[in-house]
Amino acid sequence: MRMIVCVCQNVSDKTLCRMVREGGVRNLREARAALGVAAQCGRCAECARAVIGAELDRQARTCAATQPRPAIAAG
Ligand code: FES
């Protein structure tokens, strides 16, 4: 289900997450530059921060789960 994060710019959580995954967005400042999020009334700032943080956490967990574990030396 799609949720609008920024009403002023009509930016959804899916769009914001995609910008984190594919566009290199890592914080609110970068989201503002890329999408205009929180650039007008600013009411979406906290929600946008939360969405960005959750997506970064999800990426970190996925990355940690898929990376090969280092070999343990016998001895
Ligand atoms: S709701 Fe995002 S700037 Fe107004």
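Modeller: Start with Glu55, which sits in helix H3. Helices here are DSSP runs of H or I with at least four residues, strands are runs of E with at least two, and both are numbered from the N terminus. Residues are numbered from 1 along each chain as its sequence is written. The model is predicted, so local features need pLDDT of at least 70, side-chain atom pairs count only at pLDDT 80 or more, and totals for chains, interfaces and linings use all residues.

Glu55 has 19 C-beta neighbours inside 10 Å, so it counts as partly exposed. The scale is simple: 20 or more other C-beta atoms within 10 Å means buried, 12 or fewer means exposed, and partly exposed is in between, with C-beta atoms placed from the backbone. Leaving out residues up to four places away in sequence, Glu55 touches Cys17, Val20 and Arg21. Contact means C-beta atoms, placed from the backbone, within 7 Å. Ala34 is 21 residues from Glu55 along the chain, and their C-alpha atoms are separated by 16 Å.

From H1 come Asp13, Leu16, Cys17, Val20 and Arg21; from H3 come Ala48, Val51, Ile52, Glu55, Leu56 and Gln59. Two packed helices are described by the angle between their axes and the distance between the axes. For H1 and H3 the angle is about 50 degrees and the axes are 9 Å apart. The axes are lines fitted to C-alpha atoms over the stretch in contact, with angles from 0 to 180 degrees between N-to-C directions. H1 and H3 are therefore oblique to each other. That word covers what is left after roughly parallel (under 35 degrees), roughly antiparallel (over 145) and roughly perpendicular (65 to 115). The crossing of H1 past H3 is right-handed, meaning that the near helix is turned clockwise from the far one by less than a right angle.

Now turn to H1. Its buried residues are Asp13, Thr15, Leu16, Met19 and Val20. They line one face of the helix, because they fall within an arc of 170 degrees seen down the axis of H1. The arc is taken from the directions between the helix axis and the C-beta atoms. The cover over these buried residues includes S1, strand S2 (11–12), H2 and H3.

Leu16 ties this face to the core. Apart from neighbours within four places in sequence, Leu16 contacts Val5, Val11, Ala31, Val37, Ala48, Val51 and Ile52. Leu16 is also one of the residues touching the most other members of the largest nonpolar core, which has 15 residues. Strand S1 (4–6), H1 (13–22), H2 (28–35) and H3 (45–66) each supply at least two residues of that core. Such a core is a set of buried Ala, Val, Leu, Ile, Met, Phe, Trp, Tyr and Cys residues joined through C-beta atoms within 7 Å.

Follow the chain past H1. Gly24 comes after the helix, with a positive phi near 80 degrees. Val25 lies in the loop between H1 and H2. It is buried, with 24 other C-beta atoms within 10 Å. Not counting residues up to four places away in sequence, Val25 touches Met19, Val20, Glu30, Ala31, Ala34 and Ile52.

Terms used:
Two residues are in contact if their C-beta atoms, placed from the backbone, lie within 7 Å.
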